[in-house]
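The sequence and structure come first.

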Amino acid sequence: MTSAAHAVKPSGKPAAPGRDYALLWTGQLFSMSGTMIQYIALPLWVLAETGSALASGLTFAVETLPVIVLAPWAGVLADRLDRRRLVLAGEVLSVGLVLALLGAVALRSVPAALVCAALVKTVNTVTVPALQGLIREIVPEPALPAAVSRFEGLTGATIVLGPPAGALLFAHLGPAAALLVNAASFAASALCILAVRARRTAPAPADTPVRARLRLGAGFTLVRSTARLRSLLCAEAAYFLFFGGATAAVIVAASERLGESQAGWYPACVGAAWVFVSMVVLPSRDWTPRTSLLLGAAFVPLTAVAVAVMGAAPLPLMLLAGVLGGVANSFIAAGASIGWQKETDTAMIGQVMALRRSVANAALATSSVLLPALADTYALGPVILIGAVAAAGLTAAFLAGWHKSGAAA
């Protein structure tokens with residue numbers, strides 16, 4: 001049994017996550033950095049090949065489709081198989097898929113490249129829940145909060161570093177260099193995971209397809225019947241549907257106005273703001289889900305205004321828009337996550353979070369295609385402003401009955 005006495009070492013210092021966690025963290029630093037390099041380089045290559053903002057936006061959307069389809073099932077798979085082996089196999093397979101993507105780029109086949117990118121994301125969708133479970137296996141319970149916090153910081157840090165590096169590699173060395181770096185990052189991660197000594201846990205009993213469908217259906221039923229969960233699902237979906245594609249639209253616009261080497265600075269600023277808010281602002285007080293979501297929604301129109309007037313000072317205003325967008329995204333993501341955790345029974349959290357991830361990514365995929373295409377057809381400023389007003393307004397509307405639904409419960 002874990003007690004408060006075990007939460008610190010005899011010296012009074014917090015317990016360390018340990019050697020295996022350090023290996024896992026280092027491996028994911030490589031892997032996630034490479035993924036973010038490809039995240040920016042591949043759409044820029046598609047834009048250069050096709051000259052189409054719609055095709056470039058489709059690249060972002062394609063990488064979300066596997067999450068939409070497979071996320072509800074990935075958690076079940078991660079609970080049934082050896083998690084360390086599953087993550088290791090995923091990283092090794094990703095090396096081969098990125099090399100196949102490199103071949104498609106060399107042949108200048110955009111459809112083949114999109115298929116390969118979707119396959120890479122498919123593998124990632126399956127391994128993500130296994131990775132989260134692996135952290136629980138290798139980190140002592142007293143050190144778990146610190147370990148999870150450091151993984152959150154890792155996500156933000158790779159968002160800061162990856163896109164600018166990807167844009168620079170693409171602009172100066174071509175798309176092949178960015179993809180080779182990503183393949184090497186998966187290989188480095190695989191070597192780190194190979195050295196991890198995970199405690200083997202007994203897999204969950206195998207589900208028949210019918211049982212798996214029933215478990216996933218139970219999560220949907222819980223969300224549908226719980227007012228606050230419905231509010232969270234609709235609020236997040238509205239934000240991602242009407243404003244989630246802003247990053248893709250701004251990247252396309254920045255590559256045209258500032259050059260391809262500068263396009264990665266917008267998502268880098270988003271990531272920097274995300275790190276600051278999640279590490280400094282959010283831990284400073286006990287934010288309620290509704291307050292955090294509404295505060296994030298308030299920053300959405302501010303982001304849109306900075307994007308709309310970007311032509312007056314393209315680089316400074318793009319950086320400002322990235323910071324404001326990162327603040328908005330951080331508060332909305334954090335508020336929703338807190339709400340889902342607080343309002344869902346522990347026994348159902350996996351199924352409910354899988355449903356959340358699937359719906360949010362469906363909205364994001366749609367937005368990542370439509371916003372760049374609409375901005376290319378009309379103008380970036382009006383499209384972003386209209387999307388921001390819709391996102392902020394609907395987010396607030398869906399949360400209007402939050403206190404009432406809580407009192408009723």
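## Cores, rings and cysteines

The largest nonpolar core has 76 residues, and those with the most contacts inside it are Trp45, Phe243, Val300, Trp340, Leu380 and Ile384. Helix H13 (residues 314-343) gives the most to this core, with eight residues. A second, separate core has 19 residues, including Tyr21, Leu86, Val87 and Leu88. A nonpolar core is a set of buried Ala, Val, Leu, Ile, Met, Phe, Trp, Tyr and Cys residues joined through side-chain atoms within 4.5 Å. Buried means under 20% relative accessible area, exposed over 50%, partly exposed in between (1.4 Å probe, protein chains only). Helices (H or I, at least four residues) are DSSP runs, numbered from the N terminus.

This is a predicted model: local features need pLDDT of at least 70, side-chain atom pairs count only at pLDDT 80 or more, and totals for chains, interfaces and linings use all residues. Residues are numbered from 1 along each chain as its sequence is written, and side-chain values use heavy atoms, with hydrogens and water left out.

Leaving out residues up to four places away in sequence, Val300 touches Tyr239, Phe243, Ala328, Ile332, Ala388 and Ala391 (contact: heavy atoms within 4.5 Å).

The whole structure holds two aromatic pairs. Rings of Phe, Tyr and Trp (its six-membered ring) pair if their centres lie within 6.5 Å; planes under 30 degrees apart count as stacked, over 60 as edge-to-face and the rest as tilted.

| Pair | Centres | Planes | Type |
|---|---|---|---|
| Tyr239 and Phe240 | 5.2 Å | 65° | edge-to-face |
| Tyr239 and Phe243 | 6.4 Å | 45° | tilted |

Tyr239, Phe240 and Phe243 form one aromatic cluster. Tyr239 and Phe240 are buried.

Zero disulfides (cysteine sulfur atoms within 2.5 Å) are found. Cys192 is buried at 12% relative accessibility.

Methods. Helices (H or I, at least four residues) and strands (E, at least two) are DSSP runs, numbered from the N terminus.
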